[in-house]
Amino acid sequence: MSVIRKLLDYNRQWAERLKSEDPAFFAQLAENNAPELLWIGCSDGRVSPDRLIGRPLGKIFVHRNIANIFAMHDLNCLAVLQFAVEVLKIPDIVVCGHYGCAGIRQAIEGHSVEPVDLWVEPVRHLARRQRDELANITDPVEKTNRLAELNVAHQVRNICRSAIAQQAWEIGQPLAVHGLIYHVEDGLLHEVMPSVTSAETFRALTE
Ligand code: CO
């Protein structure tokens, strides 16, 4: 059986199962798009948010790219944030990195002008800024994992620094930004930093 045939078969069975459990399920979802969380994660197939945090369909607004970067110059990232905050009024944003991230490894090892290398340039730049701490870590896996944590914190700061987040806080709209790291080997998420819940807590973090 071809891959596409298999996935269409699976999809039909899945939709039928949900409809048999709750005949109004899809009709209700179609009417009401109200996600509770914006998830910015890595494209890595092992870090699929719906599976990790058990939220039902429709609850997570998702943006994924290599190495879970929130690039301030990237229209895609900015559009996702603006839509999530200004239109959907999502109150919580999670940036989730993971250990063993090939994108982070590429930022350490790669030096070409291939698209992947260009994309992870902000992580390479971060590694340069944090080189004193990273130089003390001799194990390459540990070094990559530490940079993955630093990268999450950096992307959280980028989101908090954006005009979109700053304006939400200014008008009193609830918005919290959280930084998580996922351990591929045991399936567990951990916080890498305190959540940022206001312009004041962000300022305290960066001072
Ligand atoms: Co990754």
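Helices here are DSSP runs of H or I with at least four residues, strands are E runs of at least two, and both are numbered from the N terminus.

**Figure 1. The whole chain, to get your bearings.** This is a predicted model, in which local features need pLDDT of at least 70 and side-chain atom pairs count only at pLDDT 80 or more, while totals for chains, interfaces and linings use all residues. Residues are numbered from 1 along each chain as its sequence is written, and side-chain values use heavy atoms, with hydrogens and water left out. The protein chain has 11 helices and five strands. Its C-alpha trace spans about 60 × 50 × 30 Å along the principal axes. Of the 207 residues in the protein chain, 41% count as buried; buried means under 20% relative accessible area, exposed means over 50%, and partly exposed is in between (1.4 Å probe, protein chains only). Take the contacts (heavy atoms within 4.5 Å) between residues at least 6 apart in sequence: 61% of them join residues at least 24 apart.

Figure 2. Cys42 (SG), His98 (NE2) and Cys101 (SG) are the protein donors, and they lie 2.0 to 2.3 Å from the cobalt ion. Donors are N, O and S atoms within 2.8 Å of the metal (3.2 Å for Na, K and Ca), and water is not among the atoms, so sites may look incomplete. Along the sequence, the spacing of the donor residues reads C-x55-H-x2-C. Cysteine 42 sits in strand β1 (residues 37-42) and cysteine 101 in the loop between β3 (92-98) and α5 (102-109), so the pair ties together parts that are 59 residues apart in sequence. Both cysteine 42 and cysteine 101 are buried, with cysteine 101 at a relative accessible area of 1%.

**Figure 3. Cysteine 160, without a sulfur partner.** There are zero disulfides in the structure, going by a cut-off of 2.5 Å between the two cysteine sulfur atoms of a pair. Cysteine 160 is in no disulfide, and the nearest cysteine sulfur, on cysteine 77, is 15 Å away. Cysteine 160 is buried, at a relative accessible area of 0%.

**Figure 4. The largest pocket and its lining.** The volume of the largest pocket is about 190 Å³. Lining this pocket are Asp22, Phe25, Gln28, Leu29, Asn32, Ala34, Pro56, Leu57, Gly58 and Lys59. By type, the lining divides into five nonpolar, three polar and two charged residues. For the bookkeeping, Ala, Val, Leu, Ile, Met, Phe, Trp, Tyr, Cys and Pro count as nonpolar, Asp, Glu, Lys and Arg as charged, and the others, Gly among them, as polar. A pocket is an open set of points on a 1 Å grid over the protein atoms alone, where a 1.4 Å probe fits and protein lies on both sides within 12 Å along at least five of seven lines; lining residues have an atom within 4 Å of a point. Grid points are joined across faces, edges and corners, and the volume is the space filled by probe spheres set on them.

**Figure 5. Leucine 78 on helix α4.** Leucine 78 is part of helix α4 (residues 75-87). At 26% relative accessibility, leucine 78 counts as partly exposed. Setting aside neighbours within four places in sequence, leucine 78 is in contact with Phe70, Met72 and Ile164. Histidine 63 is 15 residues from leucine 78 along the chain, and their C-alpha atoms are 11 Å apart.

**Figure 6. Alanine 153 and its contacts.** Look for alanine 153 in helix α9 (residues 140-161). Alanine 153 is buried, with 14% relative accessible area. Beyond its neighbours within four places in sequence, alanine 153 is in contact with Val192 and Met193. Isoleucine 181 is 28 residues from alanine 153 in sequence, and 9.9 Å from it in space, C-alpha to C-alpha.

**Figure 7. Arginine 124 in helix α7.** Helix α7 (residues 121-129) holds arginine 124, which is buried at 9% relative accessible area. Not counting residues up to four places away in sequence, arginine 124 touches Gln106, Ala107, Gly110 and Asp117.

Figure 8. Alanine 67 lies in the loop between β2 (60-65) and α4, and its phi is near 70°, a positive value in a residue other than glycine. Asparagine 68 is in the loop between β2 and α4, with phi near 40°, also positive and also in a residue other than glycine. Alanine 67 is buried at a relative accessible area of 0%, and asparagine 68 is buried at 2%.
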